Each structure stands twice: as C-alpha cells, then as structure tokens.
Amino acid sequence: MSSETVFQTRAEDSIGGDFYAQHFQEGCEENTLVLNMGPQHPSTHGVLRVILEVDGEYILRAEPVLGYLHRMHEKMGEVKSWYQFIPNMGRVDYGHPLAWNWAYVGAVEKLAGIEVPERAEFIRVITCELNRLASHLLWWGAYLLDLGAFTPILYAFDDREAILDILQRPTGSRLTYSSFRIGGVQTDLDEKTVQMIRDFIPIFRERLPMYKALVTDNIILRKRVEGIGEMSPDVIDRYGCSGPVARGSGIEYDVRRNEPYSIYDRFDFEVPTEDTCCAAGRYLVRMEEMAQTLRILEQAVDGLDKAEGGCIMEKAPKPNWKAPAGEAWFAVESGRGKVGVHVVSDGSKTPYRIKLRSPSYSNLSSFAEVAEGVLIADAVSILGSLDLIIPEVDR
Amino acid sequence: MTVFEHFRTLCIAKGNRASSGVDWNVFLERDYIVDAAELLKYSGFHLESVHAIDGAEGMLINYLFDHFTQGERICLRVLLNHEDVTVDSIAGIFQGAEWHERETYDFHGVMFTNNPNMVNLLLPAESEVHPLVKAPKKRVALAELLSCGEIESQAEGFDLLNQKTEEAAQ
Amino acid sequence: MVFNWLHFAIILFLLAGVLFATGPLILAMLLAPQSRGGDVGMSYECGMRPMGSPWVRFGISYYVYALIFLAFDVDVLYLFPVSAAYRDVTGWLPFVKVFIFLSFLILSIAYFWAKGVFTWPKKIR
Amino acid sequence: MAEKDTLKRPDLLTANGNYMEEPLVNVELAQDIMDVCRSMSLWPMTFGLACCAIEMMATGMARFDLARFGAEVFRPSPRQADLMIVAGTVTHKFAPGIVRLYEQMPGPKWVIAMGNCAISGGPFKFKGQYNVVEGVDKLIPVDVYVPGCPPRPEGLLEGLFELQRKITGKRWWPVAKQVGECS
C-alpha cells in the first residue's frame, strides 16, 4: 500500500470535524477558518479544547469545549464513603490540592459540627500555604513558557522542588496530597519539617526580587501582558470569576479575608489588587500573593508551638462513620480562587450529593467573551493568565 | 433580606453561615427564577454555582449567589417535577450560568430553555445518559436533606420543609 | 576555462552539502519502519479532526512584514560590494549615487509606514 | 470503506487500521546500530493529560534532568515525536483523539503509560463509572507501564531506562540500590 492511497482514504472525511465543530460552525461568517486549539496543545495546560473561528490571525469567536478530562468526581462522591472521598480531592486540582482537601473536609466538619484542634488548624494553614506557593510557581513557570520564555520555568521548578521536599514529609506525597482528615490532619509536623520551613522562607524571600528583575520588569513580557485580555469588574460579576482573576480587576475579594475560615482571621496579611484589569494585573497580583503567603507562613510557624491540641481531634470519625443528615456549603481560597464544596447528606455512610464548585471553571467561562477579536498569540496569553487547571475545570 | 421584600417567593428561610454556609434560602416558583436573578444582578451579586439535588419530591435546582463586599450568600431554589424537568435559563443575565446549566443538564438531565448553547458540556456529545440521576428507590425526601434554617415567610400550600420542623419539634 | 583544484573543491563542497541535507532523510527512508494506515495522512490539528477547507482568507499582515524584511535583506547584498570598493573612490559622485539608491529604500519604508504595515491592531472587536 | 478493509492486517496497532511497515533495508546490524541511536535520543510528545503531566514536567526540569538520558526534547506535535508518554486519565471523550495522535506519529514509535489512570483507570475505576477508559492499552499498544499516582520522577526515569532496554536489549544505566541496601 503506497502512501498516496493512505492519504486518499482519509482525505474525504477529514474535513468533517466532529459534533462540537459542526455545532460551532453554524454561527460562522463567510471565509473564516474553524480551528481547534487543543486538546493536545502545550499552552492549554492539559486537555482543554478551544474551537476558534479565525479571520486571518484574529479570533472572531471562541468556544471552549470541556470534558476531555471529566473524571466523575461528583459521581464518585455518591459511591464512596465519607473517608474514601478524600483522595479524590487530591486529584481534582493538582496545582493546589490541599485547598480542595480543606474545602471538602471543612464542609463535612461544618455539616457534623466538628471542632478541629488548634494545632491541626495551624498545620493546615502551613501546608496549604506552602502548597499555594508551589501552585503559583507552577503557574508562573508554565505561563512564561507559553509566552516563549524557557528559563523561568527552571527557576520555578527549582524552588518548587524545595517546597515539595518539605511537603512530602507531613503529607507523604509529592503532588496529589490527601493528608487532611475529618477532624484534623493525618500527620503532625515534626521538628525537622518546621526547621526546613523556617530555612526556606528567607531563601524564597530573596528569590522574589530576582524574579522581578529577571522577568517582571522585562519589556518583552510587559508587551505580551499589558492591555491583553481586559476583564472589567462587570465581566467578573457576570461570570462569577474569583481569586487572582477578580483581584486583577480591582475587586478586593479573598475568601480568607471576606469569609474567614479556620484561623485566617488571626493572621496579618494584605489582599493585593490591581486596577489594570488585564493579564498584567493578574500576573502582578499572583507575584504579590507569593510575598503575602510567605508572611502568613512566618506567622503560622511562629504560632505553631503555642497551639494547643494534637494534629487530629480525639475520637475522630471512624472509616464507617455516618454523617448527620443535612447540607453544608464551605468555601476556601485556592491558588485560583474560590473553591466551594456543597455536601448533602441523608445520614448514611456515603454522601447523598457532592457539588464541587471550581474557580477555574468560572474563570474559563469568561474566555469566550474576553478573547473576541484578539490575536491568536494573545489568546494564549489570556488563557495562561487565567491559570487553568483542567482536571478542576472538568472534574 | 431586603432584596426579596416585594418579590413573590414561596419561602424564605434564614440559614446560618456557621452551620450550613448559606445565609438565605429562597424557594421560588419555576417561572420567577429569571426575574429573581435579574434582581440579584442589580443588587451586585455574582453567581457561584448552579447545581441540582435529586430528591424524592423532585429535582431541586440550587442557584448560589454571593456578594463581593457584603458577604451575603443567597441560595435560590426551584423545585421541578421529575416528569417535567425544565426551567428558564438565567444565562441571559449571568453569562457564567451557561456552563453551569449545561453541566446540570449533563448530570441530571435538567433542560434549560433559552440557554444559547444547550449541548453536552462535560459528557461526550449527544450522550443521553444522565449519571447523577438517582434510581427512584434511592431518592430521599428533600426535607430530610436540606438544612435551611428558620423559616421567615412562607407561601400558602408550600410544605416542603414542614416535615423537618415537625421532627425538630419532637 | 581550466578546471583546477579550486573548482573541484567547490564541487566537493556542494556534494557534501547536498549529502548532509538529504543523507538523514534517505537513511530514515531506508532504515526506519514506516507507520501506515489510520489517520497518518490526516492533517494534524491538536488531535481533533480538522473542520472545513483550509483554503480560506488568511492574515496578510505578517507576510507583508516578512516580504519587506526579505526585500531589504537582498538589498543589503548590493551594499556589500559598494562597501568593499568604496575606499578606492574619490570625489562626492559615488556617494551621491549610493545615496540615491538608499533614498529609494528609505522612501519605501516611509510608504509602508504610512500604509500601516508596521502597526497591527491588538483587537478588532 | 472498501479500502479500509484491505488495511485489515493481523499486526494492526490500532483498531482504526494503523500498522507498521518493515524497513526497506532490514539488515540486523544496521537496525541494531539504529536502535541504540533511537533509544538514546527519544523525543517524547508533550502529552500531559492530568496530574502526572506535572511530574513529567518535573522530570524534565533541572533537578531530575531527563536530558541526561537523551529524552528532553519535548515536541508539541506528534509528527516530530517517537515516544508518547500518556501521563494521565484517558476519558471516553478523548479516546479517539489519543488514537489519532498515536497514528499520526511516524514510525518507529513507543508508548509509556504513566500513572495508574493510564494503566488501568486507577482510582477512577469503580462500579458505575461512565467516562474513563480503563487502561490506555485498550486503545493503543503500550510498551512500558510506570505505576504510581502519580509516579515520582525517579519512577518515570526508570520507565525510560526500561524502554531503552526494550529497544536495545541492554540496560545502559546502573541499577539503583534497594531501600535498606544503602549503607
């Protein structure tokens, strides 16, 4: 069989697209091209697929198509027991899994009226904030890689590895943590881990100015992000965006501040905002957030010694524990925004319904409107500035 | 709860943020959801989530709204019969609702009329399976599932939550 | 014309160049197993089946930019002999001649500038 | 679809009719030399599906440095790649895409199934599941399985060594000591 016949056999049906492309094409203008960006695309950070209608290099319309990584977390919630569902939370968002851990565990604790020991709260804050740093570093490296700068990701992963070395001691894993338990955390922080964190904070604090000099002040980066992807506060409102995306548009909203959970009301930190509403604003907010996270970490590590109680409550729920009937909604701030978990229980061993509200999902839903009329190259910049984690979008 | 002072609601219940995370639970008739969403839009609320709970009495659609500055979480709830799970879309007011509604269609088979793009979002295209719909035997009465808090006002003939209050009284 | 070693070297150089470029391709064709059948021949579009014909209107702005660059690149070639021979000339006449040539280039830049080739809108909607 | 039927061969790689044609010059010595060359410069495709993709990235970064073993050139396009690292969960929706991408890779090509999801569906295999392909080997032939959820970068490196051993028939790198053996 020669290569020509191979080409011919597939040529006829190769222009058909699939259901979504055909559905999308119905609204197309004449002489435009329908182009798939993703699922296998390095700058969509996973398997996001965006169908674009392009006129030359300009995007006339864009429609994200989701579900290429739909992993049935909500269905699993109805099948697994209250405890068995915790590992799922480590896999919803691989960037900041501890926030999801916390959202789920917090919702169940709220439902059952469980009080968590003070020390456990401190450990949760420390590990969660370390994880936030790792998440922002991952975003930073990957975003700059999308924009064409390769070196920063090497620096970012260098620092990230230092964080993972610390985090794998109390959580037992490098990436998909599921160390939170209903009523506390799995493992206590030992002396060495605390010392590692204390050593890490000044080192990382020195790196931040270097990142600023190396990347943030770079004219090429500035040209790629400034004025790109403008999202007015109205857009934020209508799409329900949260986290750095909302703060980059001048909305001072952080769940840790506006709806303080756990012990976040004890810490002194600022909620950085930028009024530029563009990708540069979101970039700067995240960079500033890293500095603020270090501040929280410092205070939390200092407070850990004085905290009372153990790492988990006495008489913590057993594996076949039954939650009381009722419902609870719990929101936490993850690296991407507001994570919400709505648990509904009928009083049995398994949850009746679990709804996971993910921030990336709402942030991404605004993309179709924001990307209208921009260059394809800028669409990459916009997608990156939203900091997408696809498993979290698809769940 | 001044937003819904002059609005036709079935029931308004004051929840407790510390115990259930929602400040106000507002039950609405099916036809009023778009007007209610518009009201909330002008009061500066943003949409957090739209999702359904499959209960014995029917499909309960929850619309969660939050406010960036006031910090008040409102849950609008619409009960739909299992025979006719159709409700108006609020995607015209909160564009972010489009995806949430499509997801609800995927999981629970709830049809949202006037949604601009009513195709499968997460499941494969034209998939007819709605995985989170429960078998009729496994459905539990909503009164047992919900914890709405104190009932402030209630329309006549609305007795979805009454069973719960009786239980609590006993 | 006498065929001397220099010519032979040039031919050798050419041959080596051609081999350097085509050698790996030929080797791969001979030695590598070939993947056949299925969607091998389909154009790659991020793993999805392409939609519609690719023969549509496309953005010209970059190509105009690239063409201008190419044209100027070739023009620079003309300036090399000038710069090599310039130190042997006397008087202003050669300077004026080169300047006339360059002034046309400058005019063309001004023309493209006025046409807006160098500025692309960031957003069209 | 008559032509497609003629494609049916016993050695099909995918259900869609992809197969591998023998090289024109099938001399053993030449192939052996080529195999060593191939195994020492594997070009993986950037094919991060889920969580494992981050560990795959970490493997490519400075600390674990995949470049030491000649596999650091991550290519976004299957046309330039000869190794597909399936790093993450494969869903029914994306299954045709994965098969297509595999078919679009030129020969010779290899597949590493990285992580439990790609091996068997992993944690997402449960009664009543509706969207996850239970193992990417149901779609495309897999050469090396790297278990873990996600595997540590060392695990992926070991998987790469195993693939190199599979291609050349020889292990090229020292074997790590067992835990407890180290003094």
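Gln34(C) has Glu21(D) as its bridge partner in β1(D). Three bridges join β1 (residues 34-36) of chain C to β1(D), and these strands run antiparallel; two strands pair if DSSP finds at least two bridges between them. Helices (H or I, at least four residues) and strands (E, at least two) are DSSP runs, numbered from the N terminus.

A word on the model: it is predicted, so local features need pLDDT of at least 70 and side-chain atom pairs count only at pLDDT 80 or more, while totals for chains, interfaces and linings use all residues. Residues are numbered from 1 along each chain as its sequence is written, and chains are lettered from A and ligands numbered from 1 in the order in which they are written.

Now to a helix pair in chain A. Helix α8 (residues 191-216) packs against α13 (residues 279-304) at an angle of about 165°, their axes 10 Å apart. That makes α8(A) roughly antiparallel to α13(A) (an angle over 145 degrees). Among the residues that meet are Ile201(A) and Phe204(A) in α8(A), and Leu294(A) and Leu297(A) in α13(A).

Here is the make-up of both contacts (Ala, Val, Leu, Ile, Met, Phe, Trp, Tyr, Cys and Pro count as nonpolar, Asp, Glu, Lys and Arg as charged, the others, Gly among them, as polar):

| Contact | Residues by class |
|---|---|
| α8(A) with α13(A) | 12 nonpolar, one polar, three charged residues |

Key: Axes are lines fitted to C-alpha atoms, for helices over the stretch in contact, and angles run from 0 to 180 degrees between N-to-C directions. Angles under 35 degrees count as roughly parallel, over 145 as roughly antiparallel, 65 to 115 as roughly perpendicular and the rest as oblique. Two residues are in contact if their C-beta atoms, placed from the backbone, lie within 7 Å.
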